[in-house]
Amino acid sequence: MSKAHKKTKYKFVWLTVTLVLIFAYGFAFWYVKTKIEDSTYALSSAQIAYEQKDKIQAALNSMEELQPEIEKIDSYFVGADNVVDFINLLEQKAGEQGVSIETKDVSIEKEVDAVYGEVLGVQSTVSGSWNDVMQYINLVENLPYNIWISSVNVSLEGDDQVESEVPVYVWEVDLALKVLKHPAS
Amino acid sequence: MLVPMYLLGEDIKFAVASEEDRLRSENVEINTTDIEERVYELNKRARALSAHEHTKVYEHLTDVTQNKRAGISITGMAFDQKDDTEVVRLVGQAINRDILLDFRRDLEQKQYVAAVDLPVSNFAQNIDINFSITVTLQKDNE
């Protein structure tokens, strides 16, 4: 082998080794860069997770603070198993107001567009003096429930004049009221 | 130089990923059980409550009867709520036509009244008129 040929061969080997090293270094650089990018991404994800945790914790704390208001909202509905208690309450209030009451009908209505719960309907007939029946209506309308009157029919029944010289007119009220109720469980 | 950088990056990634997994697993548990459901339920209840307003039957009936003119006597009243409309029907007796007309005007001037319907047939008699009036209430009578 001639000396010139040998030199050319060394040059070729040296060039090949140099190229391989350059490529290897390039690959290693790319690989490490990718790993660092992955670490950065993981770090920002962890930061987001931390922030989420803080927000969730804040929301949980707010929920705890709002608990009395939540219970208050619930109290505006008649309890799922408290229909009888509610009717008793209406009759008890009538007694306290000095009017006679007869509960005629109790029903559960499911409103078509209702988002929550049921509507409890109660129909009754109340009799008494004008002031007493009106005060009873006032009392019922202001019970601490989501309650509303769907119909009232007030008519003069006659007078209660038995032994008194001054006639006391007796009014009869057909009362239909509705109240929101928690759904049956 | 690359080797220490690689090892450092790999170490950070591993530590951060394990911490993130732990946080996420905690969050998922809280999200589904405690917050979303409770807020959803609360919203439903609040919407149900706001869908119905308290009626003011006592307020309207007593106002009509207490502030009526002398010469008008009321013998019957009815209140009906249907399709977001509240109507009060009054039945009674007026001593003459002028008093009955004045009573209608009084009703029309009330803030919570939207319309008053007094059919002309009520004026057939001149005195001791048995009347029937339909009063439609305003929707938002604050």
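User: At what angle do helix α2 and helix α3 of chain A pack?
Analyst: In this predicted model, α2 (residues 83-97) and α3 (residues 130-141) of chain A pack at about 145°, with axes 10 Å apart. Axes are lines fitted to C-alpha atoms over the stretch in contact, and angles run from 0 to 180 degrees between N-to-C directions. Helices are DSSP runs of H or I, at least four residues, and strands are E, at least two, numbered from the N terminus.
User: Which residues make that contact?
Analyst: From α2(A), Leu90(A), Lys93(A), Ala94(A) and Gln97(A); from α3(A), Asp132(A), Gln135(A), Tyr136(A), Leu139(A) and Val140(A). Contact here means C-beta atoms, placed from the backbone, within 7 Å.
User: How are residues and chains labelled, and what are the pLDDT limits?
Analyst: Residues are numbered from 1 along each chain as its sequence is written, while chains are lettered from A and ligands numbered from 1 in the order written. Local features need pLDDT of at least 70 and side-chain atom pairs 80 or more, but totals for chains, interfaces and linings use all residues.
User: New topic: how many residues of chain A are in contact with chain B?
Analyst: 41 residues of chain A, against 42 of chain B. On the chain A side, α1(A) gives the most, with 21 residues.
User: And α3(B), which residues are buried there?
Analyst: Leu100(B), Phe103(B) and Leu107(B). Buried means 20 or more other C-beta atoms within 10 Å of a residue's own, exposed 12 or fewer, partly exposed in between, with C-beta atoms placed from the backbone.
User: What's on the other side of α3(B)?
Analyst: Asp98(B) and Arg105(B), both exposed.
User: What covers the buried ones?
Analyst: The cover includes β1 (72-82), β2 (85-96), β3 (113-117) and β4 (127-137) of chain B.

Key: Contact = placed C-beta atoms within 7 Å.
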